[in-house]
Amino acid sequence: MKNYIKPSEWNIVEEGFDPHLNKISESLFSIGNGRMGHRANFEEAYTGDTLQGNYVAGVYYPDKTRVGWWKNGYPDYFAKVLNAANWIGIDIKADGETLDLNTAKVSEFQRVLNMKEGYLQRSFSAELPSGKLLSVVAKRFCSIADDELAAIQYQVVAKNFSGVLSITSSIDGDVKNQDSNYDEKFWEEVNKGFEADTAFITLRTKKTNFEVCTATNTQVYLNNELVATKATPLEKEKYIASSLEVNVTEGDNVTIYKYAANVSSQNYDKAELQKAATAAVDRAVAAGFDELFEAQVAAWANKWEEGDILIEGDVAAQQAIRFNIFQLNQTYTGKDARLNIGPKGFTGEKYGGSTYWDTEAYCIPFYLATAPQEVAKNLLVYRHNQLQKAIENAEKLGFKDGAALYPMVTMNGEECHNEWEITFEEIHRNGAIAFAIYNYIRYTGDAGYLASHGLEVLIGIARFWKQRVNWSAEKNKYVILGVTGPNEYENNINNNWYTNKLAAWCLRYAQEAAEAVKQQDAAKYEAILSKVNFNTKEFEDWSSIADQMYYPYDEKQGVFLQQDGYMDKEQMLVVDLPASERPLNQKWSWDRILRSCFIKQADVLQGMYFFEDEFDIETLKRNFKFYESRTVHESSLSPCVHSILAARLSDEEKTYEFYLRTARLDLDDYNNDTEDGLHITSMAGTWMSIVEGFAGMKVRDNKLQFNPFLPSQWKSFSFNIGFRGTQLKIRISADELSIVNNSAESIAVSVFNETFDIAQGEKKISLKTLSL
């Protein structure tokens, strides 16, 4: 666990330069705008340890899969978000001597991620080996007001010398992914050149043939006067730059403005890419850095108005939640249903940058409450648009008749994960997608989504579950064999409780959804059934399976068993594990992990989170106590679920402990892996920990319900949500819940099971009276 980030409510602050922490900081200070993003690499040359990363949303490469032995059904490739052209390069030389923080003596170093206004700023003084002293202030952002654009302001002061300052502004497309199999480079050059003062380079991905044009325009000012000297062009394979020399006197200030655009063939005809990129840069140059920045500040103000959480009395908690919200909004804006949320977003390459079940299980609630309805809807439409691919994925594994198995990992709907215990066995992801449809409709009231998109998906998923179960004569029940549940420290197990529970629920919900569409629009219902070649006898089969599903249970402990045979394992508790042996995935052999009782993340408890209303408090308490004590939380997705369930149990200590762990997972580098990139999808779980945990928010009987409590470390907390056309601000203190309805329409809200009609304006509710 690291602890070098300074406390601040609106900023992520690093003071002092430690090269050993640089890759962690490159992740933490990443910026993006939903369309592109990059790690917090230095603009100037750096020969130290670094992970260069610039990414363009939706652009991927099918890297050759690597397995020791092949099985039918294995995907041919592992799709990866690509490290794209590095456009931020601004190399500085003083009388021929390169500014490089790996060789210079660095002082007064500070890196600040301003989350309120959406920019990264870095400042430092650097003494070069010759003794020349430079001070630098660099500020950059990816515009969310115009998501094709980004801009840099780079100021250099010659502190103790007069001489020649050489400036080289580059676009470097000769890049590769750190995780590239066989060290392959994925880009080929299409063209490059200059159009007036704007440099551009167009690259094409091998195999997938995406094209991305990156263009930049660089302006240099000496003491606020534009330098008129013509820059010298520099070109080599997949690289283009311009170089300029400026004569400086001691104390002179050189300011460099670099405007950039990334455009891809996803949004433009390939023949129009160069024109679109240079036109975008022209927009940026015409506006200027200050105007672009003002638009950025205004756009982020709107984001925070929709989704900020304010915590009074706990700076560490406040900083953490805003960091998580900030990164989520940088990663996904919901403008394009072809895009989704990679586990690392624009901050690294691990996990391929592809879509996982994390989106449906963890991210949907955040976007439902903090963004326009279309944002969350587009995440569901993304899966609907890939339904045929899901059917093809199932066919590859031997399923038929329209059964759909959504991929564990994907870019375009095809399964591209090459570990058998994930590809073939972690089939619970199908259920998470169905649950997300239910969750969306429950929250928004948009029942029409079933007819327009949802029912087809639910039928495909239900058909899969029907074929995936088998009848056990011994148990006289339906069973599901050979699976991996959310706890990936167990593989190839039988009757994972969570998977069985979710499968039965999916079968019932698909039937309920069909009936709902039939009642809404009989003609549409018949059209859907005809389209998918549906025989209504399938409903009978689904009901029979759901009613006779087997669920492992331990009578002695009074808990749902994670899977058959779980109690055959030696039962140990996490508190008895020596600290030197954790994390297990870095210290133990895989064989030892699989034979242990230890749990990577919420599994049974994940199901109890989804279906909380089905379990009384005593049942939840027994299962929570049993499984939490065996969970090592070596998945970023684990602490948030435990925090929410601990809140249901009024366990303030554990609720707060797990909240802080999920919220500061990356800021404090809990799992020693932040240098690979941030855990974007688990950040949505941080939001859930506060809103669904501490505030106890849920939707029941078509209305919001709150069962709040205040951690002793906080004076109060408040958050904004949108719900069915209303905009609400909720504030919770020790004694009172305040609801401000900023909409003209009144709304019914339940607090500790008592219903209040909230008209426009503020309603204050005494929690002491209600809790009694």
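Modeller: Let us start with charges over rings, where a charge sits over a ring if NZ of Lys or CZ of Arg is within 6 Å of the ring centre and within 35 degrees of the ring normal. Lys 236 is placed over the face of Tyr 239, and the distance to the ring centre is 4.7 Å.

Colleague: And which ring does Arg 322 lie over?

Modeller: Arg 322 lies over the face of Trp 10, at 3.6 Å from the ring centre. Please keep in mind that this is a predicted model, in which local features need pLDDT of at least 70 and side-chain atom pairs count only at pLDDT 80 or more, while totals for chains, interfaces and linings use all residues. Residues are numbered from 1 along each chain as its sequence is written, and side-chain values use heavy atoms, with hydrogens and water left out.

Colleague: Okay, rings then. How many aromatic pairs are there in the whole structure?

Modeller: A search of the whole structure gives 59 aromatic pairs, where rings of Phe, Tyr and Trp (its six-membered ring) pair if their centres lie within 6.5 Å, and planes under 30 degrees apart count as stacked, over 60 as edge-to-face and the rest as tilted.

Colleague: Where do Phe 435 and Tyr 438 lie?

Modeller: Both are in helix H8 (residues 428-444), three residues apart, which is about one turn of the helix. Helices (H or I, at least four residues) and strands (E, at least two) are DSSP runs, numbered from the N terminus.

Colleague: Is Phe 435 buried or exposed?

Modeller: Phe 435 is buried, as its relative accessible area is 4%, whereas Tyr 438, at 27%, counts as partly exposed. Buried means under 20% relative accessible area, exposed over 50%, and partly exposed in between, using a 1.4 Å probe and protein chains only. Phe 435 also pairs with Trp 505, and that pair is tilted too, because the centres are 5.5 Å apart and the planes are at 55 degrees. This second pair links distant parts of the chain, since Trp 505 belongs to helix H10 (residues 497-520), 70 residues away from Phe 435. Phe 435, Tyr 438 and Trp 505 belong to one aromatic cluster, whose members also include Tyr 509 and Phe 610.

Colleague: Let's switch to H4. Where does H4 bend?

Modeller: H4 bends by about 45 degrees at Ile 364, and a proline, Pro 365, follows within four residues; the bend is the angle between axes fitted to the seven residues ending there and the seven starting there.

Colleague: What span should the 13 residues of helix H4 have?

Modeller: The expected span is 1.5 Å times one less than the number of residues. For helix H4 (residues 358-370) this comes to 18 Å, and the end C-alpha atoms are 18 Å apart, which agrees. Because 13 of the 13 residues of H4 are buried, the helix is largely enclosed by the rest of the structure.

Colleague: Now sheets. What is the order of the five strands in the open sheet?

Modeller: The order is S8-S7-S13-S19-S18, with antiparallel pairing, and two strands pair if DSSP finds at least two bridges between them. Strand S8 (97-98) and strand S18 (232-236) are the edge strands, each pairing on one side only. Inside the sheet, strand S7 (residues 90-94) and strand S13 (residues 163-172) are joined over five bridges, and Ile 90 has Ser 169 as its bridge partner in S13.
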